[in-house]
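Work through the exercises below with the sequence and the model open side by side. Each task is followed by a solution in steps.

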Amino acid sequence: MKSMLGAIALVVSVSPALADVCELNSKAVTDRAIRYLAVGSAMQDHRRCDTCPTTTTTKVTISSVEKKASGSDFEIVVTGKTVEQTVYSKTIDLADTYVLARKGAKQYSNLGFLAKCEDVTEENAYKTLPDNLVEK
């Protein structure tokens, strides 16, 4: 019983880091985010999980960006190609998305912070993606 309670506590403590933090947003946040998702630009998809044994990052060259209404909120669907040339198409979570915020930028910045999603924090996302996690 004691080990079962420990397992439940572990699941509860890990769950917030794995939740969709900024997938549904206000129109203002969504519109700010879309400004950073230019067709032809690169983004990095990386979910921060400090308790996971491994995490992956997917670099995507954006071919289209679509804003979709979901009730009173909005989501962003990005389509593109990965480094391996596989098709990438999904609703993005701004907290898991990193972009080059300005021309000539060397570091990928978190789109949730840039778009001012109020639920993104330094506990569930990096402000800038560490170099060792960037897919080249």
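**Exercise 1.** Determine whether Ala-28 is buried, partly exposed or exposed, and state where Ala-28 lies.

Step 1. Apply the cut-offs: buried is under 20% relative accessible area, exposed is over 50%, and partly exposed is in between (1.4 Å probe, protein chains only).
Step 2. Ala-28 has a relative accessibility of 42%, so Ala-28 counts as partly exposed.
Step 3. Ala-28 belongs to helix H2; helices (H or I, at least four residues) and strands (E, at least two) are DSSP runs, numbered from the N terminus.
Step 4. Between the C-alpha atoms of Ala-28 and Lys-116 the distance is 9.1 Å, although 88 residues separate the two along the chain.

The model is predicted: local features need pLDDT of at least 70, side-chain atom pairs count only at pLDDT 80 or more, and totals for chains, interfaces and linings use all residues. Residues are numbered from 1 along each chain as its sequence is written, and side-chain values use heavy atoms, with hydrogens and water left out.

**Exercise 2.** Find the buried residues of helix H2 and explain why they line one face.

Step 1. Helix H2 covers residues 27-34, and Val-29, Thr-30 and Ala-33 are buried there.
Step 2. Viewed down the axis of H2, these buried residues lie within an arc of 100 degrees, so they line one face of the helix. The arc is taken from the directions from the helix axis to the C-beta atoms.
Step 3. The cover over the buried residues of H2 includes S2, S3 and helix H3 (111-114), where contact means heavy atoms within 4.5 Å.

**Exercise 3.** Describe the salt bridge between Lys-27 and Asp-31.

Step 1. A salt bridge requires a side-chain nitrogen of Lys or Arg within 4 Å of a carboxyl oxygen of Asp or Glu.
Step 2. For Lys-27 and Asp-31 the N to O distance is 2.7 Å.
Step 3. The two residues are four apart in helix H2, so about one helical turn separates Lys-27 from Asp-31.
Step 4. Lys-27 is partly exposed at 45% relative accessibility, and Asp-31 is partly exposed at 25%.

**Exercise 4.** Which residues join Arg-47 in one salt-bridge network?

Step 1. The structure has eight salt bridges.
Step 2. Arg-47 meets Asp-93 in one of them, at 3.8 Å from N to O. This pair connects distant parts of the chain, 46 residues apart: Arg-47 is in the loop between strand S1 (42-46) and S2, and Asp-93 is in the loop between S4 and strand S5 (97-99).
Step 3. Arg-47 is partly exposed at 27% relative accessibility, whereas Asp-93 is buried at 4%.
Step 4. Arg-47 also forms a salt bridge with Asp-96, at 2.9 Å from N to O. Asp-96 is in the loop between S4 and S5, 49 residues from Arg-47, and is buried at 7%.
Step 5. Through shared partners, Asp-20, Arg-47, Asp-93 and Asp-96 form one network.

**Exercise 5.** What is the strand order of the sheet, and which strands are at its edges?

Step 1. Strands pair if DSSP finds at least two bridges between them.
Step 2. Six strands make an open, antiparallel sheet in the order S4-S3-S2-S1-S5-S6.
Step 3. Strand S4 (87-91) and strand S6 (109-110) each pair on one side only and are the edge strands.
Step 4. Antiparallel strands S2 (residues 57-70) and S3 (residues 73-82) are joined by ten bridges; the partner of Lys-67 in S3 is Ile-76.
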